[in-house]
Amino acid sequence: MQIVPIRLFESKPYRAGGQRTLTFCSNTSEGAPLRKLKHLKCPYFGVEMLTGSEMPKIETMVDNSVSTKETLKILRKYKKYMQKTEKRIFNRFEKAVKSNPDLTLPDCLKLWYQEAITKLKLEEFNVLDDVDKISLKLSPENALAVHEKTTRCRQLILENKKEDTFKRKHLLISLEELIPAKGESRIFELLKNRAAYLPTSGMSPNAFVVKYADRTEEEIAKRLLRPSVATIEHIKPDSKGGLNAIGNFLLASAGANNLRSNMPLTDFIMMFPKIPKYCQNYIEQIIEYINKGKLKGDETYPYKVQRVLEKESKGLINLDLTNFKFSKEEAKEAVRRYYNRFKR
């Protein structure tokens, strides 16, 4: 996938009083068996995920809520699914509304806005400064090209114009357009890795406040849980030749999926070092499902995912399948028996 669209789904615009739907934009039909599994923890962030069928029900409850107090009560039931940034924002909402029951969620964000935008700019400048420092190791021509791009980013951040705003994805895309000189490939990797730390609303509470300060109560409430919805993730990005096959799929949270985009798995692990641990927890849950008779016809999935994860992570992820009751041959035989039923 490219960075420009959201990698696995695009969100239709909100309409007043209406719901926003999620539309998958890449071929992930082979991942249908994974979508049926419940209570899985995200292999990237380690947090239990909501299923795609649960989220519309929650959104309907939020739409029908008559007060901020009731909305927070609804969200509280699903707090365990919230990711780190969203949970921090939710806790701030609860504390603020407890102190002043007349506040709405948009009121809270507006109260926090000025402090948040100042801190956000500092977060962004720190990353851009680091990008410039790394670029000094490049050829003068490429170093200047990088500096021109980061300078434009700083201008947009300081101007803070609604019609021409700084976007993290724009910088990442523009850096991809530069051609490394001989021997510069690793430096470019380090540079792009650092640029990936530019704060998003899923990474930074300050970015969340700034982005959603002018949104509706319903939109803000739903946003706290949408990153927790389980989506199909390509281990090897399809934009880089990854197969649209279950062996190349993980069931990962939308927040993690979108943040990674088409970033190499090794780079994503640098950002989130606990990914190998979380992937092991994920496969243990999958193994438990298969051992209990779930995922029929896909008994080879753990072996396929083990191979792809190890290759894409360059050995950083090496899944332990000790608890799996099927050997490779037994898993293949189980798959053959399953599909032979349909040939009769």
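A residue counts as buried when its relative accessible area is under 20%. Keep that cut-off at hand for the exercises below, which explore a predicted model.

**Exercise 1. Decide whether Glu-86 is buried or exposed, and find what it touches.**

Solution. 
- Start with the location: Glu-86 sits in helix 4, which covers residues 84-99.
- Next, take its relative accessible area, which is 1%.
- The cut-off for buried is under 20%, so Glu-86 is buried.
- Finally, look at its partners. Leaving aside residues up to four places away in sequence, Glu-86 touches Ser-201, Gly-202, Arg-223, Leu-224 and Pro-227.

**Exercise 2. Describe how helix 3 and helix 4 pack.**

Solution. 
- Two packed helices are described by the angle between their axes and the distance between the axes.
- Here, helix 3 (residues 68-76) meets helix 4 at an angle of about 145°, and their axes are 11 Å apart.
- The crossing of helix 3 with helix 4 is left-handed.
- Helix 3 brings Thr-68, Leu-72, Leu-75 and Arg-76 to the contact, while helix 4 brings Phe-90, Phe-93, Glu-94 and Val-97.

**Exercise 3. Work out whether Val-127 is buried or exposed, and see what lies around it.**

Solution. 
- Find Val-127 in helix 5, which runs over residues 105-135.
- Its relative accessibility is 4%, so Val-127 counts as buried.
- With residues up to four places away in sequence left out, Val-127 touches Arg-194, Ala-195, Tyr-197 and Leu-198.
- Now try a distance: Val-127 and Ala-196 are 69 residues apart in sequence, yet their C-alpha atoms are 8.8 Å apart in space.
- One of the partners of Val-127 is Ala-195, and Ala-195 is itself a buried residue of helix 8 (residues 185-195).
- Also buried in helix 8 are Ile-187, Phe-188, Leu-191 and Asn-193.
- The cover over these buried residues includes helix 5, helix 6 (140-159), helix 7 (168-176) and helix 12 (265-271).

**Exercise 4. Count the cavities of 30 Å³ or more, then describe the lining of the largest cavity.**

Solution. 
- The structure holds 1 cavity of 30 Å³ or more.
- The space in the largest cavity is about 30 Å³.
- Its lining is made up of Leu-37, Lys-38, His-39, Leu-40, Met-49, Leu-50, Thr-51, Ala-230 and Leu-251.

How values were computed: Residues numbered from 1 in each chain as written. Predicted model: local features only at pLDDT ≥ 70, side-chain atom pairs only at ≥ 80, totals over all residues. Heavy atoms only, no water. Helix = DSSP H or I, 4+ residues; strand = E, 2+ residues; numbered from the N terminus. Buried < 20%, exposed > 50% of the residue type's maximum accessible area, 1.4 Å probe, protein only. Contact = heavy atoms within 4.5 Å. Axes fitted to C-alpha atoms, helices over the stretch in contact; angles between N-to-C directions. Left-handed = near helix turned anticlockwise from the far one by under 90°. 1 Å grid on protein atoms, 1.4 Å probe; cavity = no way out; pocket = protein on both sides within 12 Å on 5 of 7 lines; lining within 4 Å. Points joined across faces, edges and corners; volume = space filled by probe spheres on them.
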